[in-house]
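Here are some notes for a colleague who is meeting this structure for the first time. They are set out as numbered points, to be read with the model in view.

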Amino acid sequence: MQNGPDERSIPGNTIAVQADMPFSGLTSFGTAFLSKFECSQMPHPLLENITLVDTPGVLSGEKQRTQRSYEFTGVTSWFAAKSDLILLLFDPHKLDISDEFKRVIASLQGHDDKIRVVLNKADQVDTQQLMRVYGALMWSLGKVQNTPEVSRVYIGSFNDKPIDEDLTGPLGKELFEKEQDDLLTDLKNIPKKACDRCINEFVKRARAAKIHAYIISHLKKEMPAMMGKAKTQKKLIDNLEDVFVKRKVNQKIKAIEQSTYHPSDGAHIGPEPTTDRFVVVMNGPDERSISGNTIAVHVDMPFSGLTSFGTAFLSKFECSQMPNPLLENITLVDTPGVLSGEKQRTQRSYEFTGVTSWFAAKSDLILLLFDPHKLDISDEFKRVIASLQGHDDKIRVVLNKADQVDTQQLMRVYGALMWSLGKVQNTPEVSRGLGKDRSFNDKPIDEDLTGPLGKELFKKEQDDLLTDLKNIPKKACDRRINEFVKRARAVKIHAYIISHLKKEMPAMMGKAKTQKKLIDNLEDVFVKIQKEHHLPAGDFPNVEKFKEVLSGYNFDKFEKLKPKLIQGVDDMLGYDIPELLKNFKNPYD
């Protein structure tokens, strides 16, 4: 459905060959599809900036036994790749997800950032039924969508009839209006985001082409020159996952299956399911949202390093810009909530702890938020805390929503949190900066629940946390030097390790066996290097992680140690950096 000079309908076979229409790619689905495709044109102000595509309803029940005459999921996937927004509509009276709908959802993989799930015709049930229907839909989606992040579901009704307040009640009417406003905001923002979407799709295709080239060239290289070509080709296809790992594609671009072969506005803060992505909130000339693939290749943005986590991650990453005096000096990063309970059985499509570690290294302050009603530390949260090792001075633990319990309960919750953290954090020091903050919201403290003691406590704790936040610009210079020194020390340790592994390799025979032995006994190797060069144990990398990295390299090709370069690093740390600190003052003091 698109804008036109008058109301008319153009059949699919005609519109697919029109030079000024973007539908020529649909000819690949054949005449059987084109006979089921048409373009409806009409003069309308809305359609000047937006083109709508209405698809047939998916088959369910007995209808599924009859096959369509064209590839339905292929067509939906084609449109999805070229769309700015995808609405999945569900009927409250037909919530079962059919096999065809499952295939459609699978075909939309890689377009998660475009999808909006809508519970349509929701005004046909009362509020109690609506809650049950909503729960049933979430239950069904949870079984179908192979992702641990909870989908955002909008509640509304696509018709021009007024809401039946006798059925829905005043609460239902207010809910529909809020949900409708959210969805309309997404629709109105489509033209604003058109340029970002085009760049985003282009970057995704470019990355896919790059990975495709790596795979094809590697398969070509593995083929024998003469005999056994058919056998080798079959073996490569059967062991394709191992081929991906061998080529380092999986280590550089995460989740190839989820991101390579399948061609929101602003930060949503609140209860689940709003926290399904990494959102960077920063200053900008106007309010806009930039997709992850686009911002990762932005020259004047510091996010190019995130491309190593692949398109699967970048589709769950976005930048929200807005003009705000606070954001002129501070950039905020909101992460998805960590998985717990049953959700942990479903793996994320990207390396979550790797991403959090990347952001942690570049952050000035890290806030770990805990809910007083959910204090259990899940396995994923343990891995996140472990990945923050080396950034202890930046971490502040915050007991959020603490104004939802009274003073007695707060003390018990505080003790339970400290008990849980004591089991997870591998340090004898008690965590400092545990702010019993009242809550990250703008509602007043409920003094009837917390009492005057609780209110005073929240005020003091909030002031301490705000002081830390206000001091971020003042400490920015010191932080940068601190990070630079840490990196320099890490490079020095790395050089010692690499040169030692090179030195241990035999000149001729048994190289593979020796390399395997060195990796298996890497902890003993670290101890040996530490004693030989009088290095601090705390500067050495994580043994298990380093083993994983080393397994993809040939030790024989490592460089030998160059003492002059090591001496240069020592001189820089011992003399140049202290001299630099004497000459420069902090501009924020």
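1. Leaving aside its neighbours within four places in sequence, with which residues is Phe313 in contact? In this predicted model, and with those sequence neighbours set aside, the residues that Phe313 touches are Phe278, Leu306, Tyr350 and Val355.

2. Phe313 also belongs to the largest nonpolar core, which has 39 residues, and it is listed there with Phe303, Leu306, Phe317, Phe359 and Phe370 as the residues that touch the most other members. Two or more residues of this core come from each of several elements, among them the strands β7 (278–283), β9 (317–322), β11 (366–370) and β12 (395–399), and the helices α13 (310–314), α15 (379–387) and α16 (407–424). The largest share, 5 residues, is given by α14, which spans 352–362.

3. Apart from that core there is a second, separate one of 38 residues, and its members include Ile10, Phe23, Leu88 and Leu95.

4. A reader may next turn to a pair of helices. Helix α18 (residues 472–504) packs with helix α22 (residues 563–583) at an angle of about 170 degrees, their axes being 10 Å apart, and because angles over 145 degrees count as roughly antiparallel, α18 is described as roughly antiparallel to α22. On the α18 side the contact includes Ile481, Phe484, Val485 and Ala488, while on the α22 side it includes Ile566, Val569, Met572 and Leu573. Taken together, the residues of this contact divide into 12 nonpolar, no polar and 3 charged; Arg489 and Lys492 of α18 and Asp570 of α22 are among the residues that make it.

5. His391 lies in the loop between α15 and β12, and it counts as buried because its relative accessible area is 8%, under the 20% cut-off. Once its neighbours within four places in sequence are left aside, His391 is in contact with Ala360, Ala361, Ile366, Glu483 and Lys486.

6. His534, by contrast, is exposed, with 72% relative accessibility, and its place is in the loop between α20 (522–533) and α21 (543–550). Its phi is near 55 degrees, which is a positive value in a residue other than glycine. That is worth checking by eye, since most residues other than glycine have a negative phi.

7. Finally, the cysteines: Cys39 is buried at 4% relative accessible area, and Cys319 is likewise buried, at 0%. The count of disulfides comes to 0, where a pair would need its cysteine sulfur atoms within 2.5 Å.

How values were computed: Residues numbered from 1 in each chain as written. Predicted model: local features only at pLDDT ≥ 70, side-chain atom pairs only at ≥ 80, totals over all residues. Heavy atoms only, no water. Buried < 20%, exposed > 50% of the residue type's maximum accessible area, 1.4 Å probe, protein only. Core = buried A, V, L, I, M, F, W, Y, C linked by side-chain atoms within 4.5 Å. Helix = DSSP H or I, 4+ residues; strand = E, 2+ residues; numbered from the N terminus. Contact = heavy atoms within 4.5 Å. Axes fitted to C-alpha atoms, helices over the stretch in contact; angles between N-to-C directions. Parallel < 35°, antiparallel > 145°, perpendicular 65-115°, else oblique. Nonpolar A, V, L, I, M, F, W, Y, C, P; charged D, E, K, R; others polar.
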